[in-house]
Amino acid sequence: MRSLISRSAKLFTSKSTMNVTAARSMSQLTSIPRKQERVRDHGYDDYMEIQKKVRKVLKFQELILTQPNSMISIAHLDNLSRRIGFKQLESGIFVLKFPHIERENEALQRQIPDAVTRIRKLLMMSKTGRIRLEHVCIARKDFGLPDDFEYSVILKHPQFFRLFDADEMRNKYIEMVERDCTLGACEIERVREREYRERGVDAEDITFSFVVNFPPGFKIGKYYKIVMWKWQRLPYWSPYEDVSGYDLRSLEAQRRMEKRAVAMIHELLWLTVEKKMTLERIAHFRMIMDSPKKLKEFMLQHQGIFYISTMGNHGKLHTVFLREAHIKGELVEPNELYLARRNLAELVLVSLRKARPGGELASYRRDGLDDHTRGWSGRDGRVGKLKRNRM
(Lines give C-alpha, C1' and ligand atoms only; values in the text may rest on other atoms or scores of the structure.)
Protein backbone atom coordinates (compact mmCIF):
# COMPACT_ATOMS: atom_id res chain seq x y z
CA MET A 1 0.00 0.00 0.00
CA ARG A 2 2.79 2.41 0.96
CA SER A 3 4.62 1.50 -2.24
CA LEU A 4 1.54 2.33 -4.31
CA ILE A 5 1.12 5.68 -2.53
CA SER A 6 4.80 6.43 -3.03
CA ARG A 7 4.62 5.67 -6.77
CA SER A 8 1.43 7.78 -7.09
CA ALA A 9 3.09 10.67 -5.27
CA LYS A 10 6.13 10.51 -7.54
CA LEU A 11 3.90 10.39 -10.62
CA PHE A 12 1.88 13.38 -9.37
CA THR A 13 5.05 15.32 -8.58
CA SER A 14 6.48 14.51 -12.01
CA LYS A 15 3.30 15.67 -13.76
CA SER A 16 3.17 18.83 -11.65
CA THR A 17 6.78 19.61 -12.52
CA MET A 18 6.04 19.10 -16.21
CA ASN A 19 3.00 21.40 -15.98
CA VAL A 20 4.97 24.13 -14.21
CA THR A 21 7.77 23.83 -16.78
CA ALA A 22 5.27 24.01 -19.63
CA ALA A 23 3.60 27.05 -18.04
CA ARG A 24 6.94 28.78 -17.67
CA SER A 25 7.81 27.97 -21.28
CA MET A 26 4.52 29.44 -22.48
CA SER A 27 5.12 32.51 -20.30
CA GLN A 28 8.59 32.97 -21.72
CA LEU A 29 7.22 32.85 -25.26
CA THR A 30 5.19 35.98 -24.51
CA SER A 31 7.90 37.79 -22.49
CA ILE A 32 10.79 39.76 -23.94
CA PRO A 33 14.14 38.49 -22.56
CA ARG A 34 15.09 40.51 -19.49
CA LYS A 35 18.86 40.44 -19.93
CA GLN A 36 19.66 42.56 -22.97
CA GLU A 37 23.04 44.11 -23.76
CA ARG A 38 22.93 47.74 -24.84
CA VAL A 39 23.57 48.14 -28.57
CA ARG A 40 25.10 51.53 -29.26
CA ASP A 41 23.62 53.89 -31.81
CA HIS A 42 26.40 56.35 -32.67
CA GLY A 43 23.92 58.81 -34.13
CA TYR A 44 22.39 59.56 -30.74
CA ASP A 45 25.76 59.43 -28.96
CA ASP A 46 27.28 61.98 -31.37
CA TYR A 47 24.30 64.23 -30.79
CA MET A 48 24.92 64.14 -27.03
CA GLU A 49 28.56 65.14 -27.57
CA ILE A 50 27.35 68.21 -29.46
CA GLN A 51 24.88 69.02 -26.70
CA LYS A 52 27.73 69.04 -24.19
CA LYS A 53 29.11 72.16 -25.92
CA VAL A 54 25.68 73.78 -26.06
CA ARG A 55 25.09 73.29 -22.33
CA LYS A 56 27.99 75.62 -21.56
CA VAL A 57 26.20 78.42 -23.37
CA LEU A 58 22.90 77.56 -21.68
CA LYS A 59 24.54 77.77 -18.24
CA PHE A 60 25.96 81.14 -19.23
CA GLN A 61 22.48 82.24 -20.36
CA GLU A 62 21.01 81.16 -17.03
CA LEU A 63 23.55 83.26 -15.17
CA ILE A 64 22.27 86.36 -16.94
CA LEU A 65 18.56 85.54 -16.73
CA THR A 66 18.72 84.96 -12.96
CA GLN A 67 19.95 88.52 -12.38
CA PRO A 68 17.52 91.40 -11.61
CA ASN A 69 16.00 92.59 -14.90
CA SER A 70 18.32 90.08 -16.62
CA MET A 71 21.14 92.66 -16.48
CA ILE A 72 24.66 92.33 -15.06
CA SER A 73 27.97 94.14 -15.40
CA ILE A 74 30.69 92.44 -17.42
CA ALA A 75 33.03 92.49 -14.40
CA HIS A 76 30.49 90.73 -12.16
CA LEU A 77 29.55 88.32 -14.93
CA ASP A 78 33.22 87.45 -15.38
CA ASN A 79 33.48 86.49 -11.70
CA LEU A 80 30.28 84.41 -11.75
CA SER A 81 31.08 82.63 -15.01
CA ARG A 82 34.30 81.17 -13.61
CA ARG A 83 32.13 78.93 -11.41
CA ILE A 84 30.86 77.14 -14.52
CA GLY A 85 34.27 76.66 -16.11
CA PHE A 86 34.90 79.94 -17.95
CA LYS A 87 38.36 81.46 -18.10
CA GLN A 88 39.19 85.04 -17.17
CA LEU A 89 37.58 87.59 -19.55
CA GLU A 90 35.98 84.76 -21.55
CA SER A 91 32.47 85.88 -20.57
CA GLY A 92 32.84 89.17 -22.42
CA ILE A 93 33.81 87.28 -25.57
CA PHE A 94 30.75 85.05 -25.14
CA VAL A 95 28.44 88.08 -25.00
CA LEU A 96 29.82 89.23 -28.35
CA LYS A 97 29.57 85.75 -29.87
CA PHE A 98 26.02 85.01 -28.72
CA PRO A 99 24.01 88.26 -28.59
CA HIS A 100 20.69 86.41 -29.14
CA ILE A 101 20.72 83.89 -26.31
CA GLU A 102 17.43 85.34 -25.02
CA ARG A 103 15.51 83.73 -27.92
CA GLU A 104 14.83 80.53 -25.98
CA ASN A 105 13.38 82.49 -23.07
CA GLU A 106 10.96 84.26 -25.41
CA ALA A 107 9.82 80.94 -26.89
CA LEU A 108 9.48 79.57 -23.36
CA GLN A 109 7.04 82.30 -22.41
CA ARG A 110 4.96 81.89 -25.58
CA GLN A 111 4.39 78.19 -25.05
CA ILE A 112 3.20 78.36 -21.42
CA PRO A 113 -0.31 77.15 -22.46
CA ASP A 114 1.34 73.98 -23.84
CA ALA A 115 3.33 73.62 -20.61
CA VAL A 116 0.08 73.80 -18.62
CA THR A 117 -1.33 70.91 -20.67
CA ARG A 118 1.84 68.86 -20.16
CA ILE A 119 1.64 69.16 -16.37
CA ARG A 120 -2.08 68.35 -16.39
CA LYS A 121 -1.42 65.15 -18.35
CA LEU A 122 1.52 64.30 -16.09
CA LEU A 123 -0.73 64.58 -13.03
CA MET A 124 -3.36 62.38 -14.70
CA MET A 125 -0.74 59.64 -15.11
CA SER A 126 0.06 59.78 -11.40
CA LYS A 127 -1.80 57.08 -9.45
CA THR A 128 -2.39 59.62 -6.64
CA GLY A 129 -3.17 62.63 -8.81
CA ARG A 130 -0.25 64.52 -7.28
CA ILE A 131 3.47 65.04 -7.90
CA ARG A 132 6.26 66.50 -5.79
CA LEU A 133 7.01 70.08 -6.80
CA GLU A 134 10.73 69.39 -6.40
CA HIS A 135 10.67 66.62 -9.02
CA VAL A 136 8.91 68.83 -11.56
CA CYS A 137 11.37 71.63 -10.78
CA ILE A 138 14.34 69.36 -11.52
CA ALA A 139 12.82 68.41 -14.90
CA ARG A 140 11.40 71.86 -15.74
CA LYS A 141 13.65 72.33 -18.79
CA ASP A 142 12.48 69.00 -20.18
CA PHE A 143 8.81 69.97 -19.84
CA GLY A 144 9.37 73.47 -21.21
CA LEU A 145 8.61 75.21 -17.93
CA PRO A 146 10.02 78.65 -17.01
CA ASP A 147 12.05 79.02 -13.83
CA ASP A 148 9.11 80.74 -12.12
CA PHE A 149 6.67 77.98 -13.13
CA GLU A 150 5.42 77.62 -9.54
CA TYR A 151 3.74 81.00 -10.05
CA SER A 152 3.36 81.38 -13.83
CA VAL A 153 2.01 77.86 -14.38
CA ILE A 154 0.78 76.35 -11.11
CA LEU A 155 -0.57 79.22 -8.96
CA LYS A 156 -1.73 81.20 -11.99
CA HIS A 157 -4.07 78.35 -13.03
CA PRO A 158 -6.05 77.45 -9.89
CA GLN A 159 -8.78 75.88 -12.03
CA PHE A 160 -6.31 73.09 -12.90
CA PHE A 161 -3.75 72.88 -10.08
CA ARG A 162 -3.62 72.95 -6.30
CA LEU A 163 -0.36 73.48 -4.41
CA PHE A 164 -0.09 72.17 -0.85
CA ASP A 165 2.46 71.24 1.78
CA ALA A 166 2.75 67.71 3.15
CA ASP A 167 3.63 68.51 6.75
CA GLU A 168 4.70 64.97 7.56
CA MET A 169 7.35 65.04 4.82
CA ARG A 170 8.02 68.78 4.54
CA ASN A 171 7.48 68.60 0.79
CA LYS A 172 5.36 70.65 -1.56
CA TYR A 173 3.04 68.80 -3.93
CA ILE A 174 1.18 69.76 -7.08
CA GLU A 175 -2.28 68.21 -7.20
CA MET A 176 -4.81 68.19 -10.01
CA VAL A 177 -8.15 69.79 -9.24
CA GLU A 178 -10.18 67.57 -11.56
CA ARG A 179 -9.56 64.90 -14.21
CA ASP A 180 -10.21 65.96 -17.78
CA CYS A 181 -11.22 63.04 -20.00
CA THR A 182 -10.33 65.02 -23.13
CA LEU A 183 -6.66 64.80 -22.11
CA GLY A 184 -6.75 61.05 -21.54
CA ALA A 185 -5.53 60.00 -25.00
CA CYS A 186 -1.90 58.89 -25.37
CA GLU A 187 0.27 59.99 -28.26
CA ILE A 188 0.80 56.38 -29.36
CA GLU A 189 -2.98 56.05 -29.73
CA ARG A 190 -3.03 59.03 -32.10
CA VAL A 191 -0.18 57.49 -34.08
CA ARG A 192 -2.07 54.20 -34.41
CA GLU A 193 -5.23 55.99 -35.50
CA ARG A 194 -3.35 57.98 -38.12
CA GLU A 195 -1.55 54.88 -39.35
CA TYR A 196 -4.83 52.99 -39.69
CA ARG A 197 -6.50 55.92 -41.44
CA GLU A 198 -3.66 56.55 -43.91
CA ARG A 199 -2.51 53.02 -44.67
CA GLY A 200 -5.43 50.81 -43.75
CA VAL A 201 -3.26 48.55 -41.59
CA ASP A 202 -5.09 45.58 -40.07
CA ALA A 203 -6.60 46.89 -36.82
CA GLU A 204 -5.61 43.67 -35.03
CA ASP A 205 -1.96 44.33 -35.84
CA ILE A 206 -1.73 47.83 -34.38
CA THR A 207 -4.38 48.04 -31.62
CA PHE A 208 -1.75 47.58 -28.89
CA SER A 209 1.44 47.95 -30.95
CA PHE A 210 4.34 50.38 -30.57
CA VAL A 211 6.54 51.84 -33.29
CA VAL A 212 9.73 49.78 -33.34
CA ASN A 213 13.07 50.99 -34.72
CA PHE A 214 16.01 48.82 -33.62
CA PRO A 215 19.53 50.29 -33.51
CA PRO A 216 22.04 49.16 -36.15
CA GLY A 217 23.69 45.89 -35.18
CA PHE A 218 20.82 44.72 -32.99
CA LYS A 219 20.44 40.97 -33.54
CA ILE A 220 16.90 39.76 -34.09
CA GLY A 221 16.69 35.98 -33.96
CA LYS A 222 13.74 33.71 -34.72
CA TYR A 223 12.77 33.41 -31.05
CA TYR A 224 12.90 37.19 -30.59
CA LYS A 225 10.64 37.72 -33.64
CA ILE A 226 8.02 35.39 -32.17
CA VAL A 227 8.24 37.09 -28.79
CA MET A 228 7.90 40.56 -30.35
CA TRP A 229 4.94 39.46 -32.45
CA LYS A 230 3.13 38.21 -29.34
CA TRP A 231 4.15 41.20 -27.21
CA GLN A 232 2.93 43.73 -29.77
CA ARG A 233 -0.55 42.17 -29.60
CA LEU A 234 -0.68 41.91 -25.83
CA PRO A 235 -3.46 44.17 -24.45
CA TYR A 236 -2.60 46.64 -21.69
CA TRP A 237 -4.24 49.39 -19.65
CA SER A 238 -3.76 53.01 -20.69
CA PRO A 239 -1.36 55.16 -18.62
CA TYR A 240 -4.33 57.44 -17.91
CA GLU A 241 -6.55 54.60 -16.71
CA ASP A 242 -7.12 54.02 -13.00
CA VAL A 243 -6.13 50.40 -12.26
CA SER A 244 -6.42 50.59 -8.48
CA GLY A 245 -9.59 48.47 -8.50
CA TYR A 246 -8.21 45.67 -10.68
CA ASP A 247 -6.93 42.30 -9.50
CA LEU A 248 -3.30 42.38 -10.59
CA ARG A 249 -2.15 39.09 -9.06
CA SER A 250 -2.42 36.88 -12.13
CA LEU A 251 0.47 36.32 -14.55
CA GLU A 252 -1.58 37.82 -17.38
CA ALA A 253 -2.24 40.98 -15.34
CA GLN A 254 1.45 41.31 -14.51
CA ARG A 255 2.39 41.08 -18.20
CA ARG A 256 -0.17 43.77 -19.00
CA MET A 257 1.22 46.00 -16.26
CA GLU A 258 4.75 45.56 -17.62
CA LYS A 259 3.57 46.68 -21.03
CA ARG A 260 1.68 49.53 -19.41
CA ALA A 261 4.99 50.63 -17.84
CA VAL A 262 6.44 50.87 -21.37
CA ALA A 263 3.45 53.01 -22.35
CA MET A 264 3.99 55.18 -19.26
CA ILE A 265 7.61 55.96 -20.10
CA HIS A 266 6.67 56.41 -23.76
CA GLU A 267 4.02 59.00 -22.85
CA LEU A 268 6.30 60.73 -20.33
CA LEU A 269 8.94 61.24 -23.02
CA TRP A 270 6.29 62.53 -25.44
CA LEU A 271 5.38 65.20 -22.87
CA THR A 272 8.92 66.59 -23.00
CA VAL A 273 9.99 69.31 -25.41
CA GLU A 274 12.76 67.28 -27.08
CA LYS A 275 11.31 63.77 -26.52
CA LYS A 276 14.23 62.84 -24.29
CA MET A 277 15.05 62.91 -20.58
CA THR A 278 17.78 61.63 -18.33
CA LEU A 279 17.18 58.23 -16.75
CA GLU A 280 17.81 59.80 -13.36
CA ARG A 281 14.96 62.28 -13.83
CA ILE A 282 12.60 59.59 -15.10
CA ALA A 283 13.36 57.72 -11.87
CA HIS A 284 11.83 60.60 -9.88
CA PHE A 285 8.45 59.72 -11.41
CA ARG A 286 8.86 55.95 -11.04
CA MET A 287 6.76 55.55 -7.90
CA ILE A 288 3.77 57.59 -9.06
CA MET A 289 3.67 55.69 -12.37
CA ASP A 290 4.19 52.16 -11.01
CA SER A 291 7.35 51.70 -13.08
CA PRO A 292 9.91 48.93 -12.37
CA LYS A 293 12.73 49.56 -9.91
CA LYS A 294 15.48 48.62 -12.37
CA LEU A 295 14.58 51.19 -15.01
CA LYS A 296 17.72 50.87 -17.09
CA GLU A 297 17.46 47.09 -17.34
CA PHE A 298 13.74 47.42 -18.12
CA MET A 299 14.28 49.89 -20.98
CA LEU A 300 17.09 47.82 -22.43
CA GLN A 301 14.45 45.15 -23.03
CA HIS A 302 12.83 47.62 -25.44
CA GLN A 303 15.72 49.01 -27.48
CA GLY A 304 13.47 49.38 -30.50
CA ILE A 305 11.43 51.97 -28.59
CA PHE A 306 14.00 53.68 -26.32
CA TYR A 307 17.69 54.46 -26.67
CA ILE A 308 19.92 55.10 -23.64
CA SER A 309 23.01 57.21 -24.28
CA THR A 310 25.83 57.68 -21.77
CA MET A 311 27.69 60.25 -23.87
CA GLY A 312 27.94 63.98 -23.29
CA ASN A 313 27.74 63.76 -19.49
CA HIS A 314 31.14 62.23 -18.70
CA GLY A 315 29.33 58.93 -18.13
CA LYS A 316 27.55 60.31 -15.04
CA LEU A 317 24.07 60.53 -16.55
CA HIS A 318 22.02 58.41 -18.94
CA THR A 319 19.87 60.19 -21.53
CA VAL A 320 16.81 58.28 -22.74
CA PHE A 321 15.56 59.06 -26.26
CA LEU A 322 12.19 58.11 -27.70
CA ARG A 323 13.42 56.61 -30.96
CA GLU A 324 10.28 57.11 -33.05
CA ALA A 325 10.29 60.86 -32.30
CA HIS A 326 13.69 61.42 -33.94
CA ILE A 327 14.74 60.97 -37.54
CA LYS A 328 17.81 62.19 -39.42
CA GLY A 329 18.94 64.58 -36.70
CA GLU A 330 15.62 66.28 -36.08
CA LEU A 331 12.37 65.84 -34.20
CA VAL A 332 9.68 64.37 -36.41
CA GLU A 333 7.28 66.99 -35.04
CA PRO A 334 9.36 70.04 -34.02
CA ASN A 335 7.94 72.71 -31.72
CA GLU A 336 8.89 76.36 -31.27
CA LEU A 337 10.95 75.84 -28.13
CA TYR A 338 12.86 72.94 -29.68
CA LEU A 339 13.62 75.07 -32.76
CA ALA A 340 14.87 77.93 -30.56
CA ARG A 341 17.25 75.53 -28.80
CA ARG A 342 18.36 74.07 -32.10
CA ASN A 343 19.10 77.52 -33.49
CA LEU A 344 21.19 78.27 -30.43
CA ALA A 345 23.10 75.02 -30.98
CA GLU A 346 23.80 76.04 -34.58
CA LEU A 347 25.08 79.43 -33.43
CA VAL A 348 27.40 77.72 -30.97
CA LEU A 349 28.79 75.39 -33.63
CA VAL A 350 29.22 78.15 -36.19
CA SER A 351 31.20 80.18 -33.68
CA LEU A 352 33.21 77.46 -31.96
CA ARG A 353 33.83 75.12 -34.90
CA LYS A 354 33.47 77.47 -37.87
CA ALA A 355 30.92 75.03 -39.25
CA ARG A 356 28.11 75.87 -41.63
CA PRO A 357 24.70 76.30 -39.93
CA GLY A 358 23.10 72.95 -39.30
CA GLY A 359 26.05 71.03 -40.70
CA GLU A 360 27.71 69.54 -37.62
CA LEU A 361 24.47 69.43 -35.69
CA ALA A 362 23.07 67.05 -38.27
CA SER A 363 26.28 65.07 -38.66
CA TYR A 364 25.10 62.48 -36.18
CA ARG A 365 22.45 61.34 -38.64
CA ARG A 366 23.25 57.71 -39.12
CA ASP A 367 23.82 56.53 -42.68
CA GLY A 368 21.00 54.33 -43.78
CA LEU A 369 18.53 55.57 -41.16
CA ASP A 370 15.58 55.91 -43.45
CA ASP A 371 11.87 55.24 -43.46
CA HIS A 372 12.39 51.58 -44.32
CA THR A 373 13.97 50.93 -40.90
CA ARG A 374 11.11 52.47 -38.98
CA GLY A 375 7.76 50.84 -38.41
CA TRP A 376 5.46 48.46 -36.65
CA SER A 377 6.46 44.90 -35.88
CA GLY A 378 4.90 42.82 -38.64
CA ARG A 379 3.44 39.31 -38.53
CA ASP A 380 6.80 37.73 -39.30
CA GLY A 381 8.62 39.86 -36.74
CA ARG A 382 10.16 42.16 -39.35
CA VAL A 383 9.80 45.91 -39.22
CA GLY A 384 7.35 47.35 -41.69
CA LYS A 385 7.60 50.69 -43.43
CA LEU A 386 6.10 53.61 -41.54
CA LYS A 387 5.71 57.20 -42.66
CA ARG A 388 5.14 60.05 -40.25
CA ASN A 389 3.72 63.45 -41.12
CA ARG A 390 5.72 66.51 -40.13
CA MET A 391 3.80 69.15 -38.26
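**Close-up views of a predicted model**

**View 1. Leu 122 and its contacts.** Setting aside neighbours within four places in sequence, Leu 122 is in contact (heavy atoms within 4.5 Å) with Ile 131, Phe 143, Leu 268, Leu 271 and Phe 285. This is a predicted model, in which local features need pLDDT of at least 70 and side-chain atom pairs count only at pLDDT 80 or more, while totals for chains, interfaces and linings use all residues. Residues are numbered from 1 along each chain as its sequence is written, and side-chain values use heavy atoms, with hydrogens and water left out.

**View 2. The nonpolar cores.** A nonpolar core is a set of buried Ala, Val, Leu, Ile, Met, Phe, Trp, Tyr and Cys residues joined through side-chain atoms within 4.5 Å. Buried means under 20% relative accessible area, exposed over 50%, and partly exposed in between (1.4 Å probe, protein chains only). The largest core has 62 residues. Leu 122, Phe 143, Leu 268, Phe 285, Met 299 and Phe 306 have the most contacts inside it. A second, separate core has seven residues, including Ala 107, Leu 108, Val 273 and Leu 337.

**View 3. The buried side of helix H11.** Helices (H or I, at least four residues) and strands (E, at least two) are DSSP runs, numbered from the N terminus. H11 spans residues 222-232. Tyr 224, Val 227, Met 228, Trp 231 and Gln 232 are buried there. They cover an arc of only 125° around the axis, so they lie on the same side of H11. The arc is taken from the directions from the helix axis to the C-beta atoms.

**View 4. Arg 341, a buried arginine.** Arg 341 sits in helix H15 (residues 336-353). Its relative accessible area is 13%, so Arg 341 counts as buried. Leaving out residues up to four places away in sequence, Arg 341 touches Glu 104, Lys 141, Val 273 and Glu 274.

**View 5. An open sheet of three strands.** The order is E5-E7-E6, with antiparallel pairing. Strands E5 (276-278) and E6 (306-309) stand at the edges, each with a single partner strand, so one side of each has no neighbour in the sheet. Two strands pair if DSSP finds at least two bridges between them. Three bridges join E5 to E7 (residues 319-322). Thr 278 stands opposite Thr 319 in E7. Helix H12 (residues 251-270) packs on the sheet and touches E5, E6 and E7.

View 6. Cys 137 is partly exposed, at 30% relative accessible area. Cys 186 is buried, at 2%. The count of disulfides (pairs of cysteine sulfur atoms within 2.5 Å) is zero.

Methods: Axes are lines fitted to C-alpha atoms, for helices over the stretch in contact, and angles run from 0 to 180 degrees between N-to-C directions.
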